[in-house]
Each structure stands twice: as C-alpha cells, then as structure tokens.
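Subject: Structure handover

Hi,

Here is the structure I promised to pass on. Please open it alongside this note.

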Amino acid sequence: MTQQAATRKLTIAKSMAEALSQEMERDPDVLVMGEDIGKLGGVFGNTAGLLDSFGPERVRDTPISETGFIGTAVGMAAAGMRPVVELMFVDFFGVCMDAIYNLAAKQSYFSGGSVTCPMVLMTSVGGGYGDAGQHSQSLYATFGHLPGMKVVIPSTARDAKGLMLAAIRDENPIIFMYHKALQGMGWLGTEPGAITPVPEEDYEVPIGKANVVREGEDITLVGLGATVHHCLAAANQLASKGVSSEVIDIRTISPLDRTTIIASTRKTGRIVAVDDDYLSYGVSGEVIASVCEAGVPLRAPPERISFPDIPIPFSPALEHFVLPNSDKVIAAINRALEPVNG
Amino acid sequence: MAEVIVGKDLWDDDSPGVISAWLYEDGEAVSQGSVIAEVMNEKISFEIMAPAGGVLIIDAPAETEIELGQKIGSIKT
Amino acid sequence: MTEASDNRPHRILMYENMVKSRYFEDAIKPAYLEGKQPLFNMAKGPIPGEMHLSDGQEPCAVGVCAHLQPEDTVTATHRPHHIAIAKGVDLNAMAAEIFGKKTGLSGGRGGHMHLFDPAVNFACSGIIAQGMGPAVGAAMAAKMRGQNSVAVAFIGEGAANQGAFHETLNLAAVWNAPVVFVIEDNSYGISVSKADCTAIARNSDRAAAYGMPGIHVEGNDPDTIYDAAGEAIARARSGGGPSLIEIETTRLEGHFMGDAEAYRPEGEVERLREADPIPAYRSRLEADGISAADLDGAEAEARSVVEAAFAFARGSDLPEPEDAFETVFTAGKRA
C-alpha cells in the first residue's frame with residue numbers, strides 16, 4: 001500500500017488567517033479592520049495572530065459603527081489601499097447596506113472605471129446552532145443581487161485560503177462569506193469535510209469558477225458552503241445504491257459560473273440545487289433558471305432545496321425541521337430519478 | 001512509534017480538557033510538526049502537533065474528555 | 001438624604017427583582033451547559049445558541065423599572081433577562097421561550113434574544129442600538145393618543161457608537177418624545193473596552209449634542225439609579241421630553257457563556273465580584289433598618305417563582321415542527 005504524501009491540514013478559520021497574514025506580509029497596503037478582530041483574533045477565529053504580527057495600525061478593532069468603518073473602507077480602497085473589513089454576522093448588513101450596495105458596488109461604474117474599490121468584506125453566514133432569526137441568516141441572494149459586487153463562499157479550507165488571496169488582489173469589491181458550520185471552531189461543531197490540506201505557499205482559487213468536487217453521470221447536485229457537504233453526504237450514501245451523482249460547489253455566487261453548471265446538467269439531465277438561504281428569489285432558483293433558459297433537456301423536473309420563506313426560528317424542534325440536510329437531498333435525488341410516466 | 005501526548009504545560013491548572021477535533025482520520029499519513037488535533041480547556045483552543053511523521057493512530061476520538069499529559073494517539077513511523 | 005434611602009417598599013421590591021434575576025441566571029447556567037460537556041458545542045442541549053447573562057447589571061434594571069407601569073414600553077438588547085424580570089414579563093413563558101417550548105412567549109420562535117411580552121410592553125432584539133427607534137415609536141404613539149405612558153430603551157455603551165443611537169436621540173429631541181434612553185455601561189463590547197473605541201470618556205456628555213439632559217450615574221447601586229431614573233421618567237411623563245442616563249455597571253460573566261474572556265485583565269473579574277451589587281444592597285438595606293426576615297422573605301419568594309418557571313419550562317412540550325410556518329404573517333384587516 002502506497003502512503004500518500006502527508007500534507008498539513010487547516011480549518012477554514014486558520015486558512016483565512018493564514019491568507020491574510022501572508023498577503024499582509026507581501027503587500028503593505030493590506031489592512032484588516034472590524035469588531036473584535038484584533039485582540040480577540042475574531043469571534044470566528046479568522047484573524048488570529050494578526051494583531052501580534054502586524055500591529056494596531058494595520059489590524060484595527062473598530063467601534064460598533066458598521067456604516068462608519070465600511071464607508072471608511074470604501075474610501076481607503078478608492079485611495080489605493082486594500083482594506084479587508086469584517087461584518088461580524090451577515091445579518092448586521094442592515095445598518096451598513098448603503099456603504100456596500102450604493103458605494104462599494106457602484107464606485108467603478110459611476111467613475112467609468114477610473115476609481116476602483118479593491119476591498120474585501122468578510123462576513124459569517126449560516127445557522128443550525130440555535131442563534132435565531134437575527135444571527136443565523138445566509139442572505140446569498142441578497143448580496144448576489146448587487147451589480148458591481150462579487151460574492152464568494154468557500155466550502156473547504158483549501159478554497160478559503162485561495163479565494164481570500166484572490167479576493168484581496170482583485171480590483172473589485174468582494175464579499176467573502178464564511179459559513180459558521182464550517183469554520184472549525186470547536187464551539188460551533190465540526191464538519192470534517194471542510195478541514196482539508198492547504199498548501200503553505202501562495203496560490204489562488206479563481207473567482208467566478210465553480211468546482212466539480214465529485215464527478216457523476218446520473219444527476220447534478222449544486223451547493224454552496226455547508227450545502228456542498230450535504231450534497232456530498234447524499235452522493236456517498238446513494239453511491240452504494242448505484243446512483244452516480246455529480247456535485248458542484250458554486251464557490252462564487254456572483255459572478256455565477258453558469259457554464260459549469262449547464263455543462264454538468266447537459267451530461268446528467270437532472271438537477272438538484274441546494275442552498276440554506278430563503279427559498280424565494282434565491283440562489284437555487286437562479287441556478288435552475290440558468291439551466292432551463294439554456295435549453296438543457298431535463299429528464300426530470302428540477303428540484304430546489306432551500307430554507308423556507310420564514311424567519312429563522314430559535315427552537316431546534318422548529319429550526320432543524322426546516323433546514324436543508326443530506327436526507328432532504330437524498331429524497332430530492334430519488335424523486336428526480338423516478339421514471340417519468342408517459 | 002511516537003506518542004501523541006497532550007502537553008503537560010498546555011494549561012495552568014489540572015482541570016480536564018476535551019478533544020474538539022481531529023484534523024486527520026485514523027490511518028492517515030501526517031507530517032511531523034503539523035497540527036493534527038485541537039483540544040479545548042475553559043473555552044480556549046489548543047493545537048496538538050504531530051511529534052513525528054508517519055501513520056496516525058487515534059486512541060481517543062473527538063469529544064473525549066482528556067487530562068494534561070494524557071496519550072491520545074500515536075504515530076507509526 | 002435621597003428619597004430612596006428610607007424603608008419604602010419599593011426598595012424591597014427592587015431587591016427582590018435583583019435576586020430573582022440572579023437566581024434566574026444561576027438556574028440558566030447549568031441548564032445551558034447540559035449537553036455541552038465535555039465539548040462545548042453551542043448547538044447542543046436544551047438551550048442552544050448564544051446565552052448573554054446579566055449578572056452584575058441588575059441594579060440598572062430594577063432602579064429604572066421601579067418607576068414603570070405595564071403600559072410603559074421597554075426595549076432591551078441581547079442581554080435582556082434582568083430587564084425583562086424587572087419589567088414584569090411572564091416568567092414562566094419567558095423561561096419556556098428560552099427552552100424553545102410551545103408555551104414560550106413566541107412558541108419557541110424567538111428564543112433568549114427575542115423576547116416579546118405585549119402584556120407589559122416589553123420587547124428585545126439582538127442588533128445593537130436598533131431597539132432605540134421602536135422605543136421612540138412607542139413613546140410617540142402614547143403622546144399622539146394623549147396617554148400618560150413613557151418608553152425606555154436600554155442599550156450598552158457600545159451602542160453609543162452606532163448610527164441609530166445618534167439618529168434616535170436627535171429625533172426624540174426634535175419631536176419631544178416621552179422616552180428615556182438608558183446606557184448600561186459595562187465597559188466591554190465583547191472584547192473591546194469602551195476606552196478603546198469611544199472618542200469621549202462619558203456618553204452622557206453626548207446628550208448635550210442632542211438637546212437633552214444627560215445624567216451620569218456611578219456606583220452600580222439601585223438607589224442612586226432609582227433617583228436618576230425617577231427624575232428622567234417624571235420629566236418624560238410631564239411632557240418635558242427625552243433624557244439620556246449613563247449607568248456605570250459591571251459585567252460579571254463573559255459576553256456570552258463560553259467566552260474565555262482572555263481579553264480581561266488579570267484579577268478584574270474577581271475584583272468586580274467582590275463588589276457584587278446584590279450582597280452590597282442587602283447590607284445597605286439591613287443597615288437602613290429593613291429586617292432580615294423581610295429580605296429573607298423576598299429571597300424565598302424570588303427563588304420559588306424561578307424554580308416554578310424552570311419547572312414549567314422543562315415540563316412544557318416542544319412546538320410541533322409545522323408551527324415554524326405560523327405567525328410569519330398575520331391574517332385579518334382593519335375594518
């Protein structure tokens with residue numbers, strides 16, 4: 001038996017911190033700011049060690065003033081700096097949305113390309129641990145719906161580091177969403193599939209490119225963040241029943257890689273789109289619409305699994321009933337595989 | 001065979017900790033010095049490094065309560 | 001000598017509400033940790049999610065709420081238990097809500113950070129400073145309807161740096177709203193100290209910028225808070241407009257349960273616990289001639305209602321999964 005070359009593994013939290021550290025070393029214009037990202041190293045561990053390495057000028061704990069410091073980041077970016085700013089929970093966007101969707105997203109367009117906005121807004125998404133309606137949202141659709149804004153979400157530590165490096169170097173404003181269930185913080189549970197080998201050297205994961213994480217012939221499963229792991233679990237379970245599932249990790253919500261999704265669905269003829277954001281007007285709907293308007297012949301009606309159109313309830317008896325999970329993906333796959341009666 | 005030990009000096013008192021995660025599976029190859037597990041004590045996380053390169057053997061799975069100085073696995077070099 | 005330092009019954013009631021809060025938090029702690037040992041995984045156990053305890057901040061709640069009626073509105077934050085208790089929120093339904101039960105204030109939909117009790121006009125939610133607008137709204141509704149009620153918005157010192165703070169103070173002043181803004185300054189916004197993120201030393205000084213009185217209260221003592229709040233609330237009720245009260249208080253626990261608190265200086269928590277406001281107030285009441293029997297009685301009563309609340313919560317059923325889809329909208333129309 002050959003032994004695979006041993007590589008070191010990281011959690012997503014650590015890989016984000018490593019990307020930030022390496023890029024701050026390389027590029028003196030990069031700085032990080034946000035609530036509790038300095039001394040605490042980030043509530044979700046993604047800035048651990050940065051304050052010690054780079055000092056308080058470049059690693060800034062801010063007051064609870066989102067519209068103030070995100071607006072400030074937009075101005076810094078206009079001046080040619082590379083701010084990485086944290087919005088602690090995506091749910092807090094309400095207090096600072098103008099700086100995001102009216103300033104950052106439109107800076108390049110309003111200036112005819114002469115003033116760019118090379119900033120990264122990193123923000124935690126996702127629920128499933130009882131944090132209720134104002135601390136558990138995913139809001140992929142809300143942010144994917146902003147022209148001029150790029151939005152990425154890694155499902156593994158390897159993609160997290162590569163996407164962060166790519167995001168910082170991109171000339172455009174990028175929202176970097178990280179899913180709380182995948183961070184690798186002990187107190188939020190662990191998704192082993194998110195803890196992966198991460199190269200120590202510099203590398204980028206391309207923005208705007210989805211990833212086929214599992215090849216298959218019978219059905220295409222499309223997910224992002226935590227739902228990639230639901231799709232993989234479903235695929236692995238049904239493999240023993242002879243079902244060959246192709247799993248696509250969206251990775252970039254905007255600009256969406258429709259080409260990869262369409263090509264896969266042409267091959268399989270069946271699609272299940274899975275996202276844990278609210279159902280209506282969502283990512284899974286956009287995926288299916290893209291496949292349908294490309295004229296891909298489908299062997300079964302498309303399926304989408306999302307969080308329903310309700311505020312996220314607190315009680316696990318309610319929340320876990322409505323969250324996407326691998327069982328629901330399996331049920332959807334089985335429905336799609338049912339022979340269609342002529 | 002190298003032992004994977006929860007270092008005696010990791011935290012100040014003799015309160016128990018818990019293994020919060022193994023970053024590798026039983027039987028996987030690991031490199032010397034890489035972080036192979038995380039343990040928690042009083043809500044603080046600590047990294048456990050591989051003392052040698054080789055094949056990981058896990059004795060105590062995740063969520064097991066552990067003491068300072070305890071052997072939680074070994075590396076078959 | 002202030003009017004509070006006598007044997008009026010409200011002092012015993014304040015003490016009772018303080019210990020009721022503390023017993024409640026003390027009962028929450030082991031319940032919260034069930035299922036979260038040995039590995040602290042926030043998702044597990046009968047009370048999942050975050051838990052923000054109010055130990056040390058009880059004087060702020062009781063000193064202010066002692067002046068309020070059920071018709072007066074209170075909005076609070078992610079750290080609400082002591083305020084809800086002082087406001088008279090149904091303790092059984094509150095405990096049941098925290099346990100995510102069908103008998104909870106919102107049938108388990110809101111949880112610890114989103115407690116609504118319209119019977120006593122109490123509401124709280126988790127986004128910093130965003131409870132201030134609704135308090136102004138409640139105050140304006142009362143004013144426009146010719147009612148005598150007031151509203152109080154409780155916030156932390158971190159919220160004084162958030163946009164909503166400045167907007168609502170200005171708006172309340174422009175409209176002469178019968179509202180009082182109360183800052184519980186416990187020195188920390190999670191890990192960041194007030195000094196590190198606030199441009200001035202006293203948030204009460206910011207009141208002048210919005211044309212309203214700003215009152216600074218030291219000592220974390222129910223009687224001084226009672227006096228300051230009494231003046232502000234009376235001013236609001238008599239049509240004199242809004243006020244800002246800044247109370248220096250102490251956060252004896254972490255930001256949330258599970259917070260390692262590595263950012264706090266060595267010995268700080270121990271020092272603050274030595275100044276725990278509850279035993280301190282008991283000593284003062286006894287020194288002022290209130291009998292130990294009365295205080296023991298208050299403690300026993302508080303203990304009993306907290307025990308009953310937890311028994312009620314534990315004994316209640318979980319909601320049906322399909323209940324998740326109820327109350328998103330409300331049927332009916334104004335005739």
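In what order do the four strands of the open sheet in chain B come? The order is E5-E4-E2-E7, and the strands pair in the antiparallel sense. Please keep in mind that this is a predicted model.

**Chain B: the sheet**

Strand E5 (44–49) and strand E7 (65–66) of chain B are the edge strands. Each of them pairs on one side only. Strand E2 of chain B covers residues 17–22. Two bridges join E2(B) to E7(B), and the two run antiparallel. To find the spot, look for Gly17(B), which stands opposite Ile66(B) in E7(B).

**Chain B against chain A**

This contact takes 13 residues from chain B and nine residues from chain A. E4(B) makes the largest share, with three residues. Sorted by class, the chain B side has seven nonpolar, five polar and one charged residues.

**Chain C against chain A**

Here 40 residues of chain C are in contact with 36 residues of chain A. The chain C side divides into 19 nonpolar, 17 polar and four charged residues.

**Chain C: the sheet**

Chain C has an open sheet of seven strands. Their order is E2-E3-E1-E4-E5-E9-E8, and the pairing is mixed. Which strands stand at the edges of this sheet? They are strand E2 (116–117) and strand E8 (214–217) of chain C. Each has a single partner strand, so one side of each is left without a neighbour in the sheet.

E8(C) pairs with strand E9 (residues 243–248) of chain C. That pairing is parallel and runs over four bridges. Within it, Ile215(C) stands opposite Ile245(C) in E9(C). A helix covers this part of the chain too: helix H8 (residues 222–237) of chain C lies across strand E5 (179–185), E8 and E9 of chain C. H8(C) runs at about 170° to E9(C).

**Chain A: two domains**

The domain assignment of chain A gives domain 1 (9–197) and domain 2 (211–337). The C-alpha centres of the two domains lie 26 Å apart. Their contact takes 29 residues from domain 1 and 24 residues from domain 2. On the domain 1 side, the elements giving two or more residues are helix H6 (140–144), strand E6 (150–152) and strand E7 (174–179) of chain A. By class, that side has 14 nonpolar, 12 polar and three charged residues.

**Chain A: a helix pair**

Helix H8 (residues 226–239) and helix H12 (residues 326–337) of chain A pack at an angle of about 55°. Their axes are 8 Å apart. The angle makes H8(A) oblique to H12(A). The crossing of H8(A) and H12(A) is right-handed.

Which residues make the contact?

- From H8(A): His230(A), Cys231(A), Ala233(A), Ala234(A), Gln237(A) and Leu238(A).
- From H12(A): Ser326(A), Val329(A), Ile330(A) and Ile333(A).

By class, this contact has seven nonpolar, three polar and no charged residues.

Best wishes

Note on methods. Residues are numbered from 1 along each chain as its sequence is written. Chains are lettered from A and ligands numbered from 1 in the order in which they are written. This is a predicted model: local features need pLDDT of at least 70, side-chain atom pairs count only at pLDDT 80 or more; totals for chains, interfaces and linings use all residues. Two strands pair if DSSP finds at least two bridges between them. Two residues are in contact if their C-beta atoms, placed from the backbone, lie within 7 Å. Ala, Val, Leu, Ile, Met, Phe, Trp, Tyr, Cys and Pro count as nonpolar, Asp, Glu, Lys and Arg as charged, and the others, Gly among them, as polar. Axes are lines fitted to C-alpha atoms, for helices over the stretch in contact, and angles run from 0 to 180 degrees between N-to-C directions. Angles under 35 degrees count as roughly parallel, over 145 as roughly antiparallel, 65 to 115 as roughly perpendicular and the rest as oblique. A crossing is left-handed if the near helix is turned anticlockwise from the far one by less than a right angle, and right-handed if clockwise. Domain bounds come from an automatic or database domain assignment.
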